[in-house]
Amino acid sequence: MTAPVQTPQKGHNVTIEGDVESHLHPRPSWQLADHPMPTGREEIWRFTPVREFAPILAEGPTRASLEWDIRAPEQVTVTDLAPDDLRGLAETPQDRLSAVAATNSVNPSRRIEIPADAQYDDPIDINLTGTGSGESVYQNLVVEIGRFAHVTLVVRYKGSANLGENWTFRIGDGAEATIVFVHEWDDDAVHAAQIAFELGRDTTVRTAQATFGGKAVRISQTASYQGPGADLSQLGVYFADASQHIEHRLFVDHNAPRTKSRVDFRGCLQGAGAHTVWVGDVLIRPVATGIDTYESNKNLVLTEGCRADAVPNLEIQTGNIVGAGHSASTGRFDAEQLFYLQSRGIEEEEARRLVVHGFFTDIVRRIGVEEISNELMDRIEEELLESLGASTQTAADQSSEG
């Protein structure tokens, strides 16, 4: 649990009773001057390699953009937003990366509207491709999901870019939504995002982050409740290779009664300099009676020279709750699992592969979209083959040196 300092306030029509202080949350602001250049010593930056994000931390407007491919039913509308309209709909920037994205882009912001009562069999696909021009790219998006809609939305990133962006998802009462982000950047990409979810009354929302590519990726994800009865599940899988930085920061603000949240992120690390960060924070306000929450992070280290930082936090301001808990763990292969498999005639490399598959399978299937689950397991298999190939080569080199 953490000591009180200042909590963020919302950027539009959300009433929150009183300030809650927390060193985990800087004061949000649309003014870039309120977000000084980080040094790396600040609490919210101490795990982040600030120099890697230098291209998208600097001031200066740019017209660069990603290539967009949106596949959605014709009832889904995409329109441009003026800066004043963006401020009326989007979450207020929480740190310098999100503030730069909100103020530097001269491209119009986008508003995606999914009508009330919509029910689509196929996912809405948004494919974003970086062209590798070397120029920084910024974008801001607001996604509004109408009341009682049942939708799945998948956002995929590919190519190379230095990207800073903000997403705000406003989810209407009684809606059911699954929202998945898949990061398969090229090895030199830099990506920072602020993603906010605002849950209406009695909504059921499942989110997933799948992060594999990129040189440096930092995703800050927030969630808040616009009424009682909402149920939120946030899942994440990531696989960090040598010299790769992957960072996920989550904040769940239980600001309404009888709400529920579950957070479960799992990652693997392999290769010298692989670094992952998971920071989870749940705030239970005095008004949030009868809530139920649990957050978990697990990391599996496959080789030497990796580092996994995991920081779970709970800020509890009422004792009238159903449950609240958190956990985080980092470890190597389970020796007993490997022994069990090898004792039944399975070779060590295959045994290791099966252990990693088991580590990820449960969380991937919970995404609930078969196409995405299969895609992610295939991607994990590719990472495992690379890892096992590297291990085999290392063992061969050591044997020849001996």
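Predicted model: local features only at pLDDT ≥ 70, side-chain atom pairs only at ≥ 80, totals over all residues.
Glu59 counts as exposed, with 62% relative accessibility; here exposed means over 50% relative accessible area, buried under 20%, and partly exposed in between, with a 1.4 Å probe and protein chains only. Residues are numbered from 1 along each chain as its sequence is written, and side-chain values use heavy atoms, with hydrogens and water left out.

Let's stay with Glu59 for a moment. Its partner in a salt bridge is Arg96, with the closest N and O atoms 3.8 Å apart; a salt bridge here is a side-chain nitrogen of Lys or Arg within 4 Å of a carboxyl oxygen of Asp or Glu. Because Glu59 sits in the loop between α1 (54–57) and β1 (67–71) and Arg96 in helix α3 (residues 96–104), the pair ties together parts that are 37 residues apart in sequence. Helices (H or I, at least four residues) and strands (E, at least two) are DSSP runs numbered from the N terminus.

Another salt bridge joins Arg156 and Glu371, at 3.7 Å from N to O. This one links distant parts of the chain, with Arg156 in strand β5 (residues 150–171) and Glu371 in helix α6 (residues 370–401), 215 residues apart. Arg156 is buried at 10% relative accessibility, whereas Glu371 is partly exposed at 46%.

Arg366 and Asp362 also pair, their closest N and O atoms being 3.1 Å apart. Arg366 is partly exposed at 28%, and Asp362 is partly exposed at 24%. Elsewhere, salt bridges that share partners join Arg111, Glu113, Glu144, Arg170 and Glu198 into one network. The structure holds 27 salt bridges in total.

Now for the cysteines. The whole structure contains zero disulfides, a disulfide being a pair of cysteine sulfur atoms within 2.5 Å. Take Cys268: the closest cysteine sulfur, in Cys306, is 9.8 Å from its own, so the two are too far apart for a bond. Cys268 is buried, at 0% relative accessibility.

Finally, look at Asp186, in the loop between β6 (176–183) and β7 (190–199). Asp186 is partly exposed at 39% relative accessibility.
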